[in-house]
Amino acid sequence: MEENIKITVIIPCYNEAKTIEKVLIDVKKNLDEINYSYEIIIINDFSSDNTENILKKLKVNENLKIINHDKNMGKGAAVRSGISVSKGELIIIQDADLEYNPRDYKKLLIPFEETDADVVYGSRFIGGGNYVRIHFFWHFLANKILTFICNFFTNLNLTDMETGYKVFKRNILLKLDLKENSFGIEPELTIKLSKKNAKFFEVPISYNGRSYAEGKKITIKDAFRALFCIFRYSIFK
């Protein structure tokens with residue numbers, strides 16, 4: 001990977017007042033350690049808790065941008081907003097909770113440094129991460145089913161299509177006409193990138209999944225939306 005490359009970290013954020021400050025601290029710490037120039041873009045997706053007040057106290061500069069949506073639109077819309085103003089050659093999607101550990105950035109960047117990767121997914125299921133919290137059998141099963149069906153249509157052999165850790169070369173993302181506002185952005189990205197013949201890699205990551213009492217937001221409705229998106233974007237453009 002060429003020197004002086006810039007990384008953009010996009011953080012979609014909805015009602016994460018309990019975690020957003022800690023996430024931002026961890027993201028900055030780990031970006032500083034990998035010695036790349038970077039920018040962080042937080043998209044406040046019309047939070048109804050204290051998230052907006054916390055973000056207002058942050059010092060916005062060339063390394064930190066904050067975008068405020070005027071209505072709640074969903075993760076996909078937040079990701080698109082972040083991409084539209086991003087300047088980094090590589091784009092990392094970082095959830096605003098504490099489920100994914102920015103310490104894994106080093107692993108996620110290795111395929112870009114050592115190969116001609118276009119896309120790297122952090123997998124919770126291939127082993128090699130430091131830890132994976134165990135719970136939610138039905139979420140695990142739904143993830144496996146959705147990943148299998150997505151693999152069937154894309155001819156990929158991903159283990160974790162729904163992962164919240166995805167890293168992309170910005171130039172290939174800009175070729176995509178992304179439409180999904182919700183968590184449907186995950187299969188949409190995968191399918192549309194596969195149609196562009198993007199080179200995919202997976203690396204193992206740690207995962208500290210939350211319970212619903214702790215703030216987890218994805219539901220069975222999102223699983224059905226993901227299934228719809230797999231068929232929609234596989235069959236149609």
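**View 1. N197 sits in the loop between α7 (185-195) and β7 (200-204).** Helices (DSSP H or I runs, at least four residues) and strands (E runs, at least two) are numbered from the N terminus. This is a predicted model, in which local features need pLDDT of at least 70, side-chain atom pairs count only at pLDDT 80 or more, and totals for chains, interfaces and linings use all residues. Residues are numbered from 1 along each chain as its sequence is written, and side-chain values use heavy atoms, leaving out hydrogens and water. N197 is not a glycine, yet its phi is positive, near 60°. Most residues other than glycine have a negative phi. N197 is exposed, at 64% relative accessible area (exposed is over 50%, buried under 20%, partly exposed in between; 1.4 Å probe, protein chains only).

**View 2. N15 lies in the loop between β1 and α1.** Its phi is positive too, about 55°, and N15 is not a glycine. N15 is partly exposed, with 22% relative accessibility.

**View 3. The largest nonpolar core holds 33 residues.** Such a core is a set of buried Ala, Val, Leu, Ile, Met, Phe, Trp, Tyr and Cys residues joined through side-chain atoms within 4.5 Å. I7, V9, L31, I40 and I42 touch the most other members. Elements giving two or more residues include β1 (6-13), β2 (37-44) and α4 (105-114). α1 supplies the largest share, 6 residues. Another core, of 32 residues, lies apart; L146, C150, I172 and L176 are among them.

**View 4. V9 and its contacts (heavy atoms within 4.5 Å).** Beyond four places away in sequence, V9 touches V27, L31, E39, I40, I41, I92, Q94 and Y105.
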